[in-house]
Amino acid sequence: MELEPTEAELLGTSLAELDPELSALVAGELARQRGTLDLVASESVPPRAVLEAQGSILTAKYADGYPGRRDYDTCGWVDEIESLAIERAKSLFCAEHANVQPYSGSNANMSVLHALCEPGDPVLGWDFEHGGHPTHYYSGTFAGRFYRASAYGVRREDRLVDMDQVAEMAERIRPRVIFAGWSCYPRFLDFRRFREICDEVGAYLVVDMAHFAGLVAAGVHPDPVPYADACTMTVHKTLGGARGGAILAREELAERIDDGVYPGEQGCPLPHVIAAKAVTFKLAATQAYRSRMARVVEGAQAMAAAIAEREPETSCPVVTGGTDVHQLLVDLSPAGLEANATMARLNEAGVSANAMRIAYDPAEPPGGSGLRLGATALATRGFARAEFTAVGHLLADGLADHSGSRTAELARRVDELLSSFPLFGFLGS
């Protein structure tokens with residue numbers, strides 16, 4: 001008769017031994033990531049040190065509150081870890097105040113609204129279908145449920161943000177908060193003009209830099225921090241590190257922002273994630289990281305150019321004609337393609353992207369006509385301009401292949417591109 005393992009034995013058992021079913025699923029995802037051309041603009045490759053910190057024993061510690069002001073005892077080490085993450089974030093972005101506790105970018109947006117607004121206050125955000133984020137205004141999120149939220153967008157003729165519309169709407173609705181920043185937009189923003197509009201109507205400027213925080217840290221993107229009252233971000237997109245969010249703010253708003261995060265919108269912080277954020281900020285301050293972010297932007301521009309030169313064949317133009325940042329948007333509507341179906345067809349060849357609805361999209365929901373492509377994950381694996389140009393040509397071939405007859409050929413090309421850039425080698429086979 002086989003004896004049941006003791007509690008001590010269970011606590012010391014590896015995942016593979018304790019739960020082989022789950023372990024196999026994780027191994028499957030590892031294999032998928034290793035063998036996939038990852039063009040999802042919100043994804044990157046976390047380094048080993050981030051994985052170690054986020055999977056550390058710190059996950060066992062409760063630490064409600066802030067350094068030196070906890071609701072639990074024995075938080076000395078956690079206090080030092082969070083203080084280190086705060087100081088690194090402030091130094092990296094030259095910010096007066098930082099809060100590193102938000103669980104996500106959405107939590108960060110929610111906490112800032114809690115801090116700066118009263119329920120029912122008017123808020124002006126950026127329309128999701130025009131490149132913004134639902135948490136700025138959408139009725140299905142806290143922003144739309146608890147505040148009188150409206151949204152601005154981009155011009156039809158050039159798909160660039162309509163600053164005249166922003167100014168007109170701000171004057172008319174007198175918002176408490178105006179959001180700048182995007183989740184799908186390929187060009188720089190005029191933060192100075194946003195600041196002027198906010199000053200004209202007495203609004204706070206909140207820049208959602210979830211997607212481009214890493215570019216800002218590396219100096220390859222205009223810096224919103226001098227203009228914004230608060231900046232929200234994620235730490236796992238272009239920053240390429242721990243999954244979670246953070247907030248930067250002016251010193252005079254520090255207490256309100258902190259109260260808006262805890263206890264305003266979330267409970268106990270995640271010390272293991274905060275430790276991983278500290279590692280992320282340390283890495284983002286290095287020259288190697290700055291060089292990689294320059295390669296990210298160069299890669300996105302190379303992909304855009306390669307796809308654009310094939311437009312006569314694909315009938316799929318690059319929105320705004322190119323990109324300034326880590327991502328680009330391809331308009332599938334002239335070719336009569338639907339984004340979800342196109343995404344699925346590319347995925348069969350080992351290419352991972354994501355479907356988007358685009359401004360003035362002719363497709364009816366839930367479909368869409370946009371394909372968003374990002375360069376961060378592949379640049380982190382080591383891709384440079386030549387490889388990104390090859391990726392752009394591969395994508396153009398995939399877009400032109402409506403029947404899927406070239407899927408096997410495209411898959412071989414994906415394997416060839418990835419063969420020189422192994423992923424997570426330290427995890428073994």
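A pocket here is an open set of grid points with protein on both sides within 12 Å along at least five of seven lines, while a cavity is a set of points where a 1.4 Å probe fits but cannot get out. The model looked at here is a predicted one. Rolling a probe the size of a water molecule over the atoms shows where empty space is left.

Take the open spaces to begin with. The largest pocket holds about 550 Å³ of space. Its lining is made up of 25 residues, and Gln33, Ser44, Pro46, Leu51 and Phe424 sit closest to the centre. Helix H3 (20-34), helix H4 (48-54) and helix H16 (376-381) are the elements that give two or more residues to this lining. Of these, H3 gives the most, with 5 residues. Sorted by class, the lining of the largest pocket comes out as 11 nonpolar, 8 polar and 6 charged residues.

The second largest pocket comes in at about 210 Å³. It is lined by 19 residues, with His133, Ser183, Ala210, His211 and Lys237 closest to its centre. Two or more residues of this lining come from each of helix H6 (105-116), strand S9 (230-234) and strand S13 (354-356). H6 gives the most here, with 3 residues.

The structure has 3 cavities of 30 Å³ or more. In the largest cavity there is about 110 Å³ of space. This cavity has 15 lining residues, and those nearest its centre are His130, Gly131, Cys184, Leu329 and Ala359. The class count for the lining of the largest cavity reads 10 nonpolar, 2 polar and 3 charged.

The second largest cavity has a volume of about 60 Å³. Its lining draws on several parts of the chain, and includes Val45, Pro47 and Val50, then Leu239, Gly240 and Gly241, and also Thr280, Leu283, Ala284, Tyr289 and Arg292. Helix H12 (271-284) and helix H13 (287-309) each bring at least two residues to the lining of this second largest cavity. H12 gives the most, with 3 residues. By class, the lining of the second largest cavity has 7 nonpolar, 3 polar and 1 charged residue.

How values were computed
Residues numbered from 1 in each chain as written. Predicted model: local features only at pLDDT ≥ 70, side-chain atom pairs only at ≥ 80, totals over all residues. Heavy atoms only, no water. 1 Å grid on protein atoms, 1.4 Å probe; cavity = no way out; pocket = protein on both sides within 12 Å on 5 of 7 lines; lining within 4 Å. Points joined across faces, edges and corners; volume = space filled by probe spheres on them. Nonpolar A, V, L, I, M, F, W, Y, C, P; charged D, E, K, R; others polar. Helix = DSSP H or I, 4+ residues; strand = E, 2+ residues; numbered from the N terminus.
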